[in-house]
Structure formats: C-alpha cells, structure tokens
Amino acid sequence: MGPELESAGGDVVVQREPAAESPYLRVRRERGYTVLEFAGEIDISAAAEIAPLLDAATEEPGARVVIDLGGIEFFDCSGLRLLYRARGRVLDRGGDLRLVCTHRLTLRVLRVTGLSRLLPPSPSLETALSRPRAASGSR
C-alpha cells in the first residue's frame, strides 16, 4: 500500500500516506520488526479496518512482523482470519511472523483451531523478538 495522490486544487497534487493506525491497531518498528499492536474488540468491523494496514505491513518480501494481542478485550473468528492471512502473506514472501498473546480465551481459541501450532504465541514482546527465526511454522 503506497502513498495516495490527492488533488489539492489546480495543478497541485499532494502525496498523502495512508493511515498507519486505527483505534484497533497501532503500527511501530522495534529491533527490525514491524510490531502490530491490536487493541480493543477485534470483530468483523474492526477486522475490516485492520486488514489494509495488516496487508501493508506484510507486503514486502522478507517482512519481519510481530502481532501483539496484549491490548485486546475480545477476539472472534474475524481476528483469526487476520492472523491466518498475515501468516500466509509473510511466509509466501520469505518473511518471519511472530505472535504475542496472553489473553486466556484467545489462547484457548488459538489452540482449539490449531492456529497455535502454525503460529506459536509468545507471552511477551521481548520473548517474541528474542525467539529463533523458525517460529512461524511451515505451510
């Protein structure tokens, strides 16, 4: 997702960067990783807002991404689809995806669906950033 061009009147064209945050997602860089911090209730409405930001963070070849679910209050199947989508995009491009999750109910859903085997959750951002590269599982 690159910058968008917007006419400012006359011959003036302004280059506008897409929003890198929403109430549900904060994007930042740490130690060579793009950290996506999810927050609040991640449902179908939030997922629709997060998806373009997630796609932008996972589009580069070799992207190194951490999804941090530390700030979530609710996480449904829409959130699971976001995780699975991010994992596929990152692995298809030779990157590395890590997950941080301590929310008890979300951990249970990850285990029941099998996603925790494909994307093993870490208990903290520090642990996720320190883990060896092969943490994202295989296709």
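**Core packing and helix ends in a predicted model**

Setting aside neighbours within four places in sequence, isoleucine 67 is in contact (heavy atoms within 4.5 Å) with Leu36, Phe38, Leu54, Leu83, Ala86, Leu97, Arg98, Leu99 and Val100. A second, separate core of seven residues includes Val35, Val66, Leu125 and Ala128. A nonpolar core here is a set of buried Ala, Val, Leu, Ile, Met, Phe, Trp, Tyr and Cys residues joined through side-chain atoms within 4.5 Å, and buried means under 20% relative accessible area, exposed over 50% and partly exposed in between, with a 1.4 Å probe and protein chains only. The largest nonpolar core has 29 residues, of which Phe38, Ile67, Leu69 and Leu83 touch the most other members. Two or more residues each are given to this core by β5 (33-42), α1, β6 (64-75), α2 (77-92), β7 (96-100) and α3 (104-113). Its largest share, seven residues, comes from α1.

The model is predicted, with local features needing pLDDT of at least 70 and side-chain atom pairs counting only at pLDDT 80 or more, while totals for chains, interfaces and linings use all residues. Residues are numbered from 1 along each chain as its sequence is written, and side-chain values use heavy atoms, with hydrogens and water left out. The mean pLDDT (the predictor's confidence in each residue, from 0 to 100) is 86, and 81% of the residues reach 70 or more. Over residues 1-10, pLDDT stays under 50, and the model has 22 contacts beyond four places in sequence for them. Residues 135-139 also stay under 50, with 18 such contacts. Where pLDDT is low, the predicted coordinates should not be read in detail.

Now to the overall layout. The protein has five helices and eight strands, taken as DSSP runs (H or I, at least four residues, for helices; E, at least two, for strands) and numbered from the N terminus. Along the sequence the pattern is β-β-β-β-β-α-β-α-β-α-α-β-α. Of the 139 residues, 42% count as buried. Among contacts between residues at least 6 apart in sequence, 64% join residues at least 24 apart.

Helix α1 (residues 44-57) has 14 residues. Its buried residues are Ala46, Ala47, Ile50, Ala51, Leu53, Leu54, Asp55 and Ala57. The N-terminal end of α1 is capped by aspartate 43, with a side-chain oxygen 3.2 Å from the backbone nitrogen of serine 45.

In α2, the buried residues are Ser78, Gly79, Leu80, Leu82, Leu83, Ala86, Arg87, Gly88, Arg89 and Val90. These buried residues pack against β5, α1, β6, β7, α3 and α4. Aspartate 76 caps the N-terminal end of α2, placing a side-chain oxygen 2.8 Å from the backbone nitrogen of serine 78. Just after α2, glycine 94 takes a positive phi of about 75°.

Leucine 119 sits in the loop between α4 (115-118) and β8 (121-122) and is buried, at a relative accessible area of 1%. Beyond four places in sequence, leucine 119 is in contact with Leu83, Arg87, Leu97 and Leu99. Arginine 31, in the loop between β4 (25-30) and β5, has a positive phi of about 45° although it is not a glycine. Most residues other than glycine have a negative phi. At 48% relative accessibility, arginine 31 counts as partly exposed.

Terms used:
Expected span 1.5 Å × (residues − 1). Polar contact = N/O pair within 3.5 Å; in protein donor to acceptor, adjacent residues only side chain to side chain.
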